[in-house]
Amino acid sequence: MNQSHLGIVVAVIVAALIIVIAIAYFNSRKRRSVRLRERFGPEYDRVLQQEGDARRAEGVLEFRQKRREKYKIHPLSESDRSNFALRWNEVQARFVDDPRGAVTVADSLVTGVMQARGYPIGEFDQRAEDLSVDHPLIVENYRAAHAIALRHGQGKASTEDLRQAMVHYRALFQELLEEPGQQRKGA
């Protein structure tokens, strides 16, 4: 084999290696995307729309997962679960006579359950992001309820809005009370 043939063979091998590496890279990215889409459901689409780019959105979601892994999230004790359930029933009963007060207490109660489960309690957006890792389908209920609670604070929420906030809070609250293996991931 002469020098020119050897050069052609080396070039073909290098080109083939580059193609194989490129295919492996794109397959890896596709598996990553599929895994994150399955894990986060509609939250994946929400973050993708917010970020405007799949790579950035996936980076955001992976960052959330890594941050969440540092927390010591745990199920509630039977006593805590019963106590929170009793308090929730009181909040729902209060809604009839005092819808505005009930929504305020419901927001506080959901935050209390999150804290009791081990989620850090910071600003709302951070809490919602943390919840999105374990509860990607139901977190939108939390955002909707919170938005209504904010409108309520400005005097711009109707009684029907407040009722809807209670429905949203209840969906999240019920999921937070359940054992990890029982979660509906967004009923």
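**Helix H7 in context**

Tutor: From the N terminus on, the elements run α-α-α-α-α-α-α-α. That makes eight helices and zero strands. The radius of gyration is 24 Å, well over the 16 Å that the globule rule gives for 187 residues, so the protein is more spread out than a compact globule. Along the principal axes, the C-alpha atoms fill a box of roughly 95 × 40 × 25 Å. Buried residues make up 39% of the 187.

This is a predicted model. Its mean pLDDT is 88, and 94% of residues reach 70 or more. Helix H1 (residues 3–40) has the lowest confidence, at a mean of 84, and H4 the highest, at 95. Over residues 181–187, pLDDT stays under 50. Where pLDDT is low, the predicted coordinates should not be read in detail.

Now to H7. The helix has 15 residues, which should span 21 Å at 1.5 Å a residue; its end C-alpha atoms are 21 Å apart, so the two agree. After H7 comes Gly 155, with a positive phi near 75°.

Which residues of H7 are buried? They are Val 139, Asn 141, Tyr 142, Arg 143, Ala 145, His 146, Ile 148, Ala 149 and His 152. These buried residues pack against helix H2 (42–51), helix H3 (54–69), H5, H6 and H8.

Take His 146, which is found in H7. Its relative accessibility is 16%, so His 146 counts as buried; the cut-off is under 20%. Beyond four places in sequence, His 146 is in contact with Asp 107, Phe 124 and Tyr 169.

Tyr 169 leads on to the core. The largest nonpolar core has 34 residues, and Tyr 142 and Tyr 169 have the most contacts inside it. H7 (139–153) is among the elements that give two or more residues to this core, along with H4 (78–97), H5 (99–117), H6 (124–134) and H8 (159–177). H8 gives the most, with nine residues.

Leaving aside neighbours within four places in sequence, Tyr 169 is in contact with Tyr 142, Ala 145, His 146 and Ala 149, among others. The rest of its contacts include Trp 88, Val 103, Ala 106, Asp 107 and Val 110.

A second, separate core of seven residues includes Leu 36, Phe 40, Ala 57 and Val 133.

Key:
Residues are numbered from 1 along each chain as its sequence is written. This is a predicted model: local features need pLDDT of at least 70, side-chain atom pairs count only at pLDDT 80 or more; totals for chains, interfaces and linings use all residues. Side-chain values use heavy atoms; hydrogens and water are left out. A nonpolar core is a set of buried Ala, Val, Leu, Ile, Met, Phe, Trp, Tyr and Cys residues joined through side-chain atoms within 4.5 Å. Buried means under 20% relative accessible area, exposed over 50%, partly exposed in between (1.4 Å probe, protein chains only). Helices (H or I, at least four residues) and strands (E, at least two) are DSSP runs, numbered from the N terminus. Contact means heavy atoms within 4.5 Å. pLDDT is the predictor's confidence in each residue, from 0 to 100. The expected span of a helix is 1.5 Å times one less than its number of residues. The radius of gyration is taken over C-alpha atoms; the globule rule is 2.2 Å times the number of residues to the power 0.38.
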